[in-house]
Amino acid sequence: MRILLFTGKGGVGKTTLAAATAAALAARGRKTLVVSTDPAHSLGDAFATGLTGEPSEVDSALHAAQIDSRALVDDAWGELRGELRGLLAGAGIDALDAEELTVVPGVDELLSLTEVRRLAEAGPWENVVVDCGPTAETLRLLSLPEAISGYLGRLRGRGGLGRSVRRFATHLTGLRTLLTDPSTTSVRLVLTPERLVVAETRRTLSSLALRGIAVDGLIVNRLMPAPGRMPGSAAAWLRTRRAQQDAVLTELTSSGLPAGALRRVEHRAVEPVGLPALLEIAAGLYGTADPLARSPVPVAPLLSVADSSTVDGGHELRVGVPLSRSAKVDLARVGDDLAITVDGFRRVIALPELLRPCRITGAEADSAGLVVQLEPAGGT
């Protein structure tokens, strides 16, 4: 089973393209579930049908669902929160403080992700397409399994975990494994050819790479159609706008992103609503190609720490993470780990044993990511 997550800056059309991709897969005879975690609840609007939290049939091989994260919190979080409160109080934490600590930020998004996994495993689906929320919410969603696992790990150090919390911790580990398995899960980023949107897309690529989550392609939506030989001011406006959009996309590919990673969708005069319109969008987007085909060149390498090599008495460590020219990078040692922060997104990775006694002496970026220089702590 493949799980394909669609996200992008709010308003770029990710819901429409997620629905079109799911419709195209189903039209090829593949049992497909498309599910939305976006609080905007617009997936049903794209199909022109009402949706609930359970899969409902849209077409012979296509089902769709809209997750209500608040309902999940009401139904599922109460027991876990009560047990966490008891554990914290038992560890000597004041009752009021324990109450505050169990209000975990983002738990509604986490439960949405848990529900996606449940729906994926409960049905006969060959593919699951997920319409995620806007980029910022999606990045928080995808980072939560790791963050909350660390939170529960600290509780374990305070005296153990209850049965429900242990089960929850095990489930989080499973979610992390699912998200970081490139053979199963990947992200498809949707953007419009505008500089602000492209800048956010670059940051998203870096953030996903830091989390070890694969990106299998980008879709450029609402590209102005070429005016051809159309006369008059309208044609001149179209030519100018299209030239601006092409310039933005050229900047994107010239910064290291392969041109083959971009799929394009032209702007349409009529909003695509309903299955026939979505299939028309998919035909223009994918043609006869498999909608699940990955980009011919990797868009963003997974986080990878290569074996170090000895250089002038020190060592070099390569970290595979895409960086734009304007990326702000910070490196720091945290015990035996290396903390990497790119444009405000942080990831802590374990250093190879050989490098744990070393200190960072410098770093530089190239087309493959970061190269960190280290030398033994006793060096000059």
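1. Start with strand β12, residues 337–342. β12 pairs with β13 in the antiparallel sense, over 6 bridges. Two strands count as paired if DSSP finds at least two bridges between them. Strands are DSSP runs of E with at least two residues; helices are runs of H or I with at least four; both are numbered from the N terminus. Within this pair, Leu338 stands opposite Ile349 of β13.

2. A word on the basis of these notes. This is a predicted model, in which local features need pLDDT of at least 70 and side-chain atom pairs count only at pLDDT 80 or more, while totals for chains, interfaces and linings use all residues. Residues are numbered from 1 along each chain as its sequence is written, and side-chain values use heavy atoms, with hydrogens and water left out.

3. Now the whole sheet. It is open, has 3 strands in the order β11-β12-β13, and is antiparallel in its pairing. Its edges are β11 (329–334) and β13 (345–350); each has a single partner strand, so one side of each lacks a neighbour in the sheet. From one strand to the next, the twist averages 20 degrees. Angles run from 0 to 180 degrees between N-to-C directions, with axes as lines fitted to C-alpha atoms, for helices over the stretch in contact. In a regular strand, side chains alternate between the two faces of the sheet.

4. β11 and β12 are antiparallel and share 6 bridges. Asp330 has Thr341 in β12 as its bridge partner. The β11–β12 hairpin has 2 residues between its strands, and Gly335 in this hairpin takes a positive phi near 65 degrees.

5. What packs on this sheet? Helix α8 (residues 195–210) does, touching β12 and β13. Contact means heavy atoms within 4.5 Å. The direction of α8 makes about 25 degrees with that of β13.

6. The length of α8 checks out. At 1.5 Å a residue, its 16 residues should span 22 Å, and the end C-alpha atoms are 23 Å apart, which agrees. The expected span is 1.5 Å times one less than the number of residues. Several residues of α8 are buried, including Val197, Val198, Thr204, Leu205 and Leu208. Buried means under 20% relative accessible area, exposed over 50%, and partly exposed in between, with a 1.4 Å probe and protein chains only. Just after α8, Gly212 has a positive phi of about 75 degrees.

7. Two non-glycine residues have positive phi. Asp343 is one of them, at about 50 degrees. Asp343 lies in the loop between β12 and β13. Its relative accessibility is 23%, so Asp343 counts as partly exposed. His41 has a phi near 55 degrees and is not a glycine either. His41 sits in the loop between β2 (32–36) and α2 (43–47). At 39% relative accessibility, His41 is partly exposed.

8. Is Arg2 buried or exposed? It counts as buried because its relative accessibility is 13%. Arg2 belongs to strand β1 (residues 2–8). Its side chain makes a polar contact of 3.3 Å with the side chain of Ser186. A polar contact is a pair of N or O atoms within 3.5 Å; within protein, one must be able to donate a hydrogen and the other to accept it, and residues adjacent in sequence count only if both atoms are side-chain atoms. The Arg2 side chain also reaches the backbone oxygen of Leu292, at 3.3 Å. Leaving out residues up to four places away in sequence, Arg2 touches a set that includes Glu126, Asp216 and Arg294.

9. Thr184 is among the residues that touch Arg2. Thr184 is in the loop between α7 (163–179) and β6 (185–191). At 16% relative accessibility, Thr184 counts as buried. Beyond four places in sequence, Thr184 touches Met1, Arg2, Ile3 and Leu178.

10. Leu141 is in helix α6 (residues 135–157). Its relative accessibility is 5%, so Leu141 counts as buried. Leu113 is 28 residues from Leu141 in sequence, yet their C-alpha atoms are 7.3 Å apart. With residues up to four places away not counted, Leu141 touches Thr37, Glu109, Leu110 and Leu113.

11. Last, the chain totals. The protein chain has 10 helices and 15 strands. Of its 380 residues, 48% count as buried. Among contacts between residues at least 6 apart in sequence, 69% join residues at least 24 apart. The accessible surface is about 17,500 Å², with 52% belonging to carbon and sulfur atoms. Areas come from the Shrake-Rupley method with a 1.4 Å probe; for residues, only the protein chains shown count as cover.
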